[in-house]
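Subject: Structure for you to look at

Hi there,

Here is the structure I promised to pass on. Please open it alongside this message, and my notes follow below.

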Amino acid sequence: MHTFEKIRAEHGSPFYIYDGKVISEQASILKTTFPDFGFLFSVKANPFMPVLQKMASLGIGADAASAKEVDLALEAGMPVENIYYSCPAPTKEDITHVLGKCHIIADSFHVLSLLEEAAAFRGLKLAVGLRIHPDFTMDGMPQMPSKFGIDECFVWETAFEKEYPHLTIDGLHVHIRSQVLDTEQLGRYYDNVMGLAVRLQKFLDTKLEYINFGGGVGKVYDAAKQSPLDYEKLRKAASSAKEKYANELSAKLLLESGRFLACDCGTYVTEIVDIKQSHDKTFYIVKNGANGFFKPVLRQILLPFHPDHIGASYEPFATENDSYEINVLSESSETEVVDIAGHLCSGADMMARDVTVKKGNIGNLVTFNHAGSYAYSLAPLFFASQPMPKQFFIDEK
């Protein structure tokens with residue numbers, strides 16, 4: 001009996017299953033490509049505790065986007081010094097909760113004010129990182145407005161020591177794009193961020209303790225349209241940027257990754273609960289479509305507006321066409337072209353259109369790959385009060 005069938009027999013469906021061996025393999029690629037860097041796992045990509053514990057066992061820290069994610073990282077065994085809290089708009093209560101549990105990165109002047117208030121109240125000199133929205137971009141185009149970070153031009157106009165006497169800026173955080181598959185773009189980006197770090201050090205008359213480059217290292221979803229990064233060229237580009245600024249920067253270098261580390265480790269498994277014919281179209285209706293694995297559904301919603309390419313601004317909610325290998329676990333030797341829809345009372349609950357799969361029957365399992373990141377954590381799990389998918393973790397022995 002197939003592993004997926006065994007799980008269904010004992011626990012029912014649908015469910016996610018994550019493979020720790022794949023996480024180890026992806027981590028090894030990052031460590032080989034970036035030997036001078038440390039790594040943070042974006043907890044929002046997959047907060048399932050066994051996945052976080054696997055990251056911790058590999059020496060990977062946390063990029064936490066909420067106070068709860070800081071707690072999850074600690075519970076997983078990540079040390080305080082490896083947890084970086086970066087939230088676009090934390091509340092006063094959030095800041096109080098995470099103080100002493102992580103590095104805190106300020107995303108705005110208001111957040112700096114909240115941190116100054118908290119530090120003054122406690123009589124502390126608090127070290128904080130600064131997220132900057134830089135003048136440069138990933139592709140050389142003019143910079144656009146962003147809700148993230150402090151515009152670089154405003155940084156040079158701010159008397160930090162005077163306005164925030166209880167704070168010390170000890171880190172720089174920059175993130176302007178995810179899912180980049182262009183080695184030259186990433187190489188220029190690393191150089192630009194290090195150049196910004198040097199300017200920030202001189203402006204503040206201090207030495208930065210860390211530079212967080214954010215995400216950006218992409219993975220291939222659609223092999224027909226996307227080419228993987230050249231890891232050897234990327235290694236040389238990152239090392240070259242580090243060497244260029246070696247006399248001026250002694251900071252720890254950090255890269256965030258959610259998708260690259262975890263995406264390939266996950267499979268979403270559901271089952272066919274009905275098969276319908278309508279106007280020469282065959283529908284396989286499955287358990288928990290949008291309310292189980294939302295990303296392919298959202299891509300179908302956006303398809304009429306972006307038929308050829310999905311923009312980076314939609315990440316991580318949607319990615320390229322043909323991003324998922326879909327398999328019907330059937331013994332049939334025949335195939336057929338079908339639409340795969342969830343069983344919610346919404347016409348938008350469509351996971352795939354006109355895909356060729358093995359001819360299935362009611363009760364057959366259906367699997368989607370690339371479900372280890374931004375999958376369970378993105379789905380509107382409570383819609384229609386359906387049972388939620390379960391999650392399982394396996395690892396190499």
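Let me start with helix H12, whose buried residues pack against H11 and strand E15 (350-358). Please keep in mind throughout that this is a predicted model. H12 covers residues 294-302 and is mostly covered, with 8 of its 9 residues buried. If you want to pick them out on screen, the buried ones are Phe 294, Lys 295, Pro 296, Val 297, Leu 298, Arg 299, Gln 300 and Leu 302.

Both partners of H12 turn up again in what follows. Strand E15 holds Asp 354, and the phi of Asp 354 is near 55°, a positive value in a residue other than glycine. Helix H11 (259-262), for its part, is one of the elements that give two or more residues to the lining of the largest pocket; strand E6 (126-133) and strand E10 (252-257) are the others.

On to that pocket, then. The largest pocket holds about 1,200 Å³ of space. Its lining is made up of 40 residues, and those nearest the centre are Phe 148, His 175, Arg 177, Ser 178 and Glu 315. By type, the lining residues divide into 16 nonpolar, 16 polar and 8 charged.

Helix H2 (residues 20-33) and helix H10 (residues 231-244) have axes that come within 8 Å and cross at roughly 45°. H2 and H10 are therefore oblique to each other. Which residues meet there? From H2 come Ile 29, Thr 32 and Thr 33, and they meet Tyr 231, Leu 234 and Arg 235 in H10. This contact of H2 with H10 is made up of 3 nonpolar, 2 polar and 1 charged residues.

Finally, here are two backbone details in loops. The peptide bond from Ser 13 to Pro 14 is cis, with omega near 5°. You will find Pro 14 in the loop between helix H1 (3-11) and strand E1 (15-19). The other detail is at Ser 385, in the loop between strand E16 (365-368) and strand E17 (390-394). Phi of Ser 385 is near 55°, again a positive value in a residue other than glycine. Is Ser 385 buried or exposed? With a relative accessible area of 69%, Ser 385 is exposed.

Do tell me what you make of it when you have had a look.

Best wishes

Methods: Residues are numbered from 1 along each chain as its sequence is written. This is a predicted model: local features need pLDDT of at least 70, side-chain atom pairs count only at pLDDT 80 or more; totals for chains, interfaces and linings use all residues. Side-chain values use heavy atoms; hydrogens and water are left out. On a 1 Å grid over the protein atoms alone, a cavity is a set of points where a 1.4 Å probe fits but cannot get out, and a pocket is an open set with protein on both sides within 12 Å along at least five of seven lines; lining residues have an atom within 4 Å of a point. Grid points are joined across faces, edges and corners, and a volume is the space filled by probe spheres set on the points. Helices (H or I, at least four residues) and strands (E, at least two) are DSSP runs, numbered from the N terminus. Ala, Val, Leu, Ile, Met, Phe, Trp, Tyr, Cys and Pro count as nonpolar, Asp, Glu, Lys and Arg as charged, and the others, Gly among them, as polar. Axes are lines fitted to C-alpha atoms, for helices over the stretch in contact, and angles run from 0 to 180 degrees between N-to-C directions. Angles under 35 degrees count as roughly parallel, over 145 as roughly antiparallel, 65 to 115 as roughly perpendicular and the rest as oblique. Contact means heavy atoms within 4.5 Å. Buried means under 20% relative accessible area, exposed over 50%, partly exposed in between (1.4 Å probe, protein chains only).
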